[in-house]
Structure formats: structure tokens, C-alpha cells
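Subject: Structure handover

Hi,

Here is the structure I promised to pass on. Please open it first; my notes follow below.

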Amino acid sequence: MTSPTKKILVVVGATGNQGGSVARTFLQDPSLTSEWHVRGTTRNPSSAKAVELAKLGAEVVSASLGSISDLERAFVNATAVFVVTDFFSATQDSVTQARIRDEGIDPFISAAETETNWVVNAAIAASRTPSLQRFVFSALPPVARLSGGRLPLARPFDSKWAAVERIEAELPELWAKTSTLLVGYYDSNIRPKYNASRGRAEIVGPLKADAKLAFIDVDISTGLYARALIVDEPAGTRLIAFDEFRTLAEVAEMLTRATGREFVWVEQTADEALASNGPFGVILVQLCRWFQEYGLFGQKVEGWKDKLTWPKDLKTKVPVRSLESWVAEQDWTKIFET
């Protein structure tokens, strides 16, 4: 039951990686639990992750991002709302699939528009919540715009920023309460594969060996950065969230040290990446060009980079998580078993 004396944080997508991190941060920090009640939304309150959050003290409610009325009910009396959406979940959504089937629309365009609409739905519901003081959305940079149209197919990034632009244009009162969180490259996306012919494990992709990615332990660090936006920082903050910058060649060296087995970074050509990644290959190639030339957060882009808030600028510093320690804690043996 909601305490009448506590502020309410609603986490949309509470059973996902980012949402779960935000929920756990507010559920497990005594300084936050004394002031905040956590309400998490999910499509399936009976799922294992939802049950786990409930055991930690969260109120778990069912709500669909496709339903503004669902979201309005979930946001009742909320002080803050954190929203995260997933492009790849949008590809499987019934609305996305119906448009692909009935209108012949490109699957990734359909998914991008679905994801944008999900965020706008949450924003509309939040704008109708009188108690709301802060709206935080996990966004990504507008790649097509910032690249001057050179990279028009980075749909998982552009779909999120399209929602940000709509909130600013269509919901000015909510925009005045809004901050954005730009989350880095998940440590858990490090997925080497064993090359039996060469007797080694390989991390493969269309990215140069010297390209630095902003890695983050999404399960731990995301919630700490979201806390900063909800509790400490003013509305309008555009915060980039990461633990440290590393190249994938350096990651391969970490894996070698942690396991005593050989790991290497293998740079693919664009054609090789297109051939080995199916329909997603074209998006992957453009995203890797974005990382290489502009930076994951767009931190190399004039006129944009100055609008970013770096972790060092926060009022309360977020403790960073070493990528090497994360690597050392994982079990990599299954790579060699296959």
C-alpha cells in the first residue's frame, strides 16, 4: 500500500534492465526508501522479475505503453516518472506487425514510429498528472539530424529523440519538468564467440580497434544516474550515463586476463557486417559509424556536445563501476563449450 507521506516514483518498464536498476536503487537505499514509494509498471505483474520487485517493496501494476488510460491510472499521485522503452520490443508489437502486414511499411520504420508513440503516450499521461514534478526519459541522440543526414537508418536512436522533440513541441508544461538520460553501451552486450578454426574467442563488429565506447553496467549504474536526475539535478538536464570509455580491443585484453584464454577484437568490413547480421546489419553498420565518427552520445558534434551534462558535473557524484571488474565477475566458460 502507498504511504500517504511518501513521494511516488513510477518506473515505466520496471522489469527491464534500465527500469529494474532504477527501481532497485530507490528500493534498496535507506535514504531513498524513507522518502519514496516505488510503483513499477509492467505488462505482466506475475513475471519472475515483477515478483522480485514486489518482494523488495515495490507496488507493481499492469500498464501498456499503447494505452494512455492505463498509464494515467499508473501515474496517479506520482511525484516523478521514469520512462524507458525498447526498440526491439517495438518490432514485435502487434500494432507494428499489423502496419507491416496491412500497409507494407518497412519493419524498422514501423517499429520506430511505435516506439516514439509509446513515449508520447507516457508523456501525455504524465502531463495529466497534477502531482508530477519530474519526468525523466531514457533517450538517445538524433543520429540522422546530427550527422547531417549521412546516417539516416539508426532507427533505435532516432525513434527516441523524435519523442523528445514531440514532447518539447506538443507538451510545453511537461517539457519544463523533463530531463533526459542518455545511457551508454551495456557491458552485457559484450558477446564473444569461439572461433574453433583459430582456437580463440572473438569479438566481431564493423568498428575500428581504436574506437572508444562508453560502457556501463546497466543493472547497477543506471539507477544511480536516474536518481541524480530525479532527486538532485534541475529539469532540463541532458545527462550522459556511463562508467568508463574503453575500446573493444581493450575489452578483449581484459577477457584474456580474466580467463587465461585468447580473446581478440576482429574488425569487420561493412559488407561482412551486412552479410552476418541479417536485416539489422544496415542499422548496426550505421550505428558503428556513428560511434566512430561522432561518439555514442554525439559528444563530438558541435552545438550538441555543449548541451550534455557529464557525470563529473553532477551535484552528487556517481560511483563508477570498473569494466574490468565486471568482466572478471562473469562466467565465460560457455563460450568455449560451444
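Helices H6 and H7 cross in a right-handed way; that is, the near helix is turned clockwise from the far one by less than a right angle. This is a predicted model, where local features need pLDDT of at least 70, side-chain atom pairs count only at pLDDT 80 or more, and totals for chains, interfaces and linings use all residues. Residues are numbered from 1 along each chain as its sequence is written, and side-chain values use heavy atoms, without hydrogens or water.

H6 covers residues 94–103 and H7 residues 107–127. Axes are lines fitted to C-alpha atoms, for helices over the stretch in contact; angles run from 0 to 180 degrees between N-to-C directions. Val-95, Thr-96, Arg-99 and Ile-100 of H6 meet residues of H7, including Pro-107 and Glu-113. Contact means heavy atoms within 4.5 Å.

Now the sheet. It is open, with three strands in the order E8-E9-E13 and mixed pairing. Strands pair if DSSP finds at least two bridges between them. E8 (193–195) and E13 (263–267) are the edges. E9 (residues 200–205) runs parallel to E13, joined by five bridges. One of the bridge pairs is Glu-202 with Val-264 in E13. Helix H12 (residues 248–259) packs on this sheet and touches E9 and E13. The direction of H12 makes about 160° with that of E13.

Best wishes

Key. Helices (H or I, at least four residues) and strands (E, at least two) are DSSP runs, numbered from the N terminus.
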